[in-house]
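The following questions and answers go through one protein chain. Please look at the sequence and the structure first.

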Amino acid sequence: MTAQLRLAKAEQIAHIRPLIFSAFSPVAARMKKTIPDDAWSDLGDYVDQRNLYILKDEDGDAILGVLCLREGKDHIHVDTVAIHPDHQGRGLGTMLLQDAEMIAESRGCPHLRLHTPEVMDELLGFYEHLGFRETKRALPSHGRDDILRVHFEKEIAHSDLQVDPEFEHDRQLC
């Protein structure tokens, strides 16, 4: 399967939110929580900031995955990586995180950060395998649950990476 990363458009949010909900349902179940109805209700802000990306199937219009980024002072934070349940286990999550690295590098950001619930133990090894290092464990700032989040960071090696201007904007943010 061939897939391409594209900036999301506002009209795609109606398809993106259900994909994220379905991808995160097993996470919520493991945490013994339900996903709040207003979760990911701010996707329009990500679109406006050009920080919401979709992974599209080149053979059709299907959205296979979603990447939400947030810009920090000296880093890019990966807020959400979600792969449609029918397409999980095919390397698409790895592809999205590699794309996040490329975006961070293109913006001159030296670090890529993310966090995951501690109960998602298979993700801890996955992120370490991709070169992330654990930086801390802490309760979430939103206060809706008491499950520790494991925070990771990856230093971005700057290279002569060529950025496809069709899906990445050309502004220096970090």
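Helix 1 is followed by Lys-32, whose phi is positive, near 60 degrees. This is a predicted model, in which local features need pLDDT of at least 70 and side-chain atom pairs count only at pLDDT 80 or more, while totals for chains, interfaces and linings use all residues. Residues are numbered from 1 along each chain as its sequence is written, and side-chain values use heavy atoms, with hydrogens and water left out.

Q: Which pattern does the chain follow along the sequence?
A: Helices (H or I, at least four residues) and strands (E, at least two) are DSSP runs, numbered from the N terminus. The chain has four helices and seven strands. Read along the sequence, their pattern is β-α-α-β-β-β-α-β-α-β-β.

Q: What percentage of the residues of the chain count as buried?
A: Buried means under 20% relative accessible area, exposed over 50%, and partly exposed in between (1.4 Å probe, protein chains only). The chain has 174 residues, and the part that counts as buried is 44%.

Q: Where in helix 1 does a kink lie?
A: Helix 1 covers residues 13-30 and reaches 26 Å from its first C-alpha to its last, close to the 26 Å expected at 1.5 Å a residue. The expected span is 1.5 Å times one less than the number of residues. The bend at a residue is the angle between axes fitted to the seven residues ending there and the seven starting there. A kink of about 40 degrees comes shortly before the proline Pro-26, at Phe-24.

Q: Against which elements do the buried residues of helix 1 pack?
A: The buried residues of this helix are Ile-13, Ile-16, Leu-19, Ile-20, Ala-23, Val-27 and Ala-28. Contact means heavy atoms within 4.5 Å. The buried residues pack against helix 2 (43-48), strand 2 (52-57), strand 3 (63-71), strand 4 (75-83) and strand 5 (111-117).

Q: Is Trp-40 buried or exposed?
A: Trp-40 is found in the loop between helix 1 and helix 2. Its phi is near 60 degrees, a positive value in a residue other than glycine. With a relative accessible area of 17%, Trp-40 is buried.

Q: What is the relative accessible area of Arg-50?
A: Arg-50 is found in the loop between helix 2 and strand 2. Arg-50 is not a glycine, yet has a positive phi of about 60 degrees. This residue is partly exposed, with a relative accessible area of 39%.

Q: Which residue in strand 4 stands opposite Arg-70?
A: Two strands pair if DSSP finds at least two bridges between them. Strand 3 and strand 4 pair in the antiparallel sense over seven bridges, and a hairpin of three residues joins them. Opposite Arg-70 stands His-77.

Q: Why is strand 3 largely enclosed by the rest of the structure?
A: Strand 3 also pairs with strand 2, in the antiparallel sense over five bridges, with Leu-52 opposite Cys-68. Strand 3 is largely enclosed because of its nine residues the number buried is seven.

Q: Which residue in strand 7 stands opposite Arg-113?
A: Six of the seven residues of strand 7 (149-155) are buried, so this strand is largely enclosed by the rest of the structure. Strand 7 runs antiparallel to strand 6 (133-138), with five bridges, and Arg-137 stands opposite Val-150. Strand 5 and strand 7 pair in the antiparallel sense over seven bridges. In strand 7, the residue opposite Arg-113 is Glu-153.
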